[in-house]
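Here are my notes on the model you asked me to look over.

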Amino acid sequence: MTYVNNGRVFKAALAVILFISMTAAVLLALPDSFAVTYDKEASASDMATVEEVGVEGMEPIALANVDDGTYRVTVECSSSMFKIEQADLAVKEGKGTLTLTMKSTTYPYLFAGTAKEAAALNDPAKYIAPEENADGKYTFTMPLRALDESFPCAAFSSNKEQWYDRNLLVRADSLPRDAVNVKLPDYEELEKAAQDKRIAAMQKEQEEKLAAIAVPVDLHDGSYNIEVDMTGGTGRASITSPTTLTVIHGKAYATVLWSSPNYDYMIVDGEKIEPRNVEEDSNSSFLIPIVKFDEPFKVIADTTAMSTPHEIEYELTFHQDTIKRYSTKLWFFMILSLFIVGLGAFTVYKFWSTDWGTRK
């Protein structure tokens, strides 16, 4: 009986050993099926919002202009997904190395170049591998050529198993001022100029969108008067009529002047329009595109007069047959005034250009 039981145990053990051996053999025979490859590059749709690094007008500052030493520095990155906990710059004899301490261990490799270049190599030996610090955080060390200069740094995601493009920049103004031996730019002025440029670009983009909405009108560019009716809302607010019609490049726009200073934006055909108030506490004024004449069209105006801001829907109707540039009387008086001024100037000229002006 004992012999039989021992035989069964032996057979069961042999079966387990054979199963493990066969499994190991299959895994060894198919290594490529399970190995991680590094030849995939993230597409634009896989990328989070790409942000600009640095400020337009920055000039690279070579590390030859930085005193030898180790500095805690600020690094800007083009992606909010690339979370840097700490950055240290070591400079010696004009050459530098940048050490990044990451907030997570998501990235097993970095590459000092683009994602396309990293994927083409497909070789971990050619990438920047991390080291673990005392807190178990990944640190990556790479060469740095200059301050205030954007440079590519691809990151391999262990979750997605693909390379992502990143742009980094080390700010020169994050070093001690006496460590940099050249004059640094006025960063506030650069920031302001860059902001003004962005605002101008945004304004131009909105102007183009509003021009696409505005109805064409067969009038010369300039200012006119036009009557407008408004319906909707609670009836407490009103707009000025007649109001100013402005023709720009053959498109019609109108000034909407409210009876209240509490409107902070309007929406016309899905486009948000900011107020054009010149003086503080003056009634809210907007330059909006006229979508069509002689028919009501919907607009939205946001009021801050209530406990919380509210968007209120209105309908505006601009009457094309009421468009006037100047009245006939105004033209008459303008021409008469010009005639009188011209006659007076001619009389003075004749007086001084003849002997009349020399008589005693």
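**Notes on the fold and its rings**

1. Bear in mind that the model is predicted: local features need pLDDT of at least 70, side-chain atom pairs count only at pLDDT 80 or more, and totals for chains, interfaces and linings use all residues. Numbering starts from 1 along each chain as its sequence is written, and side-chain values use heavy atoms, with hydrogens and water left out.

2. You'll find four helices and 21 strands (DSSP runs, H or I of at least four residues for helices and E of at least two for strands, numbered from the N terminus). Of the 360 residues, 31% are buried (under 20% relative accessible area, 1.4 Å probe, protein chains only).

3. Now the rings: there are 12 aromatic pairs (Phe, Tyr or the six-membered ring of Trp, centres within 6.5 Å). One of them joins Tyr38 and Tyr109, edge-to-face (planes over 60 degrees apart), at 5.5 Å centre to centre and 85° between the planes.

4. Why care about that pair? Tyr38 sits in the loop between helix 1 (2-29) and strand 1 (61-62), and Tyr109 in strand 6 (residues 109-111), so the pair ties together parts 71 residues apart in sequence. Both tyrosines, Tyr38 and Tyr109, are buried.

5. Tyr38 and Tyr109 also belong to one aromatic cluster with Phe111, Tyr127, Phe156 and Trp163.

How values were computed: Buried < 20%, exposed > 50% of the residue type's maximum accessible area, 1.4 Å probe, protein only. Phe/Tyr/Trp six-rings, centres within 6.5 Å; stacked < 30°, edge-to-face > 60°.
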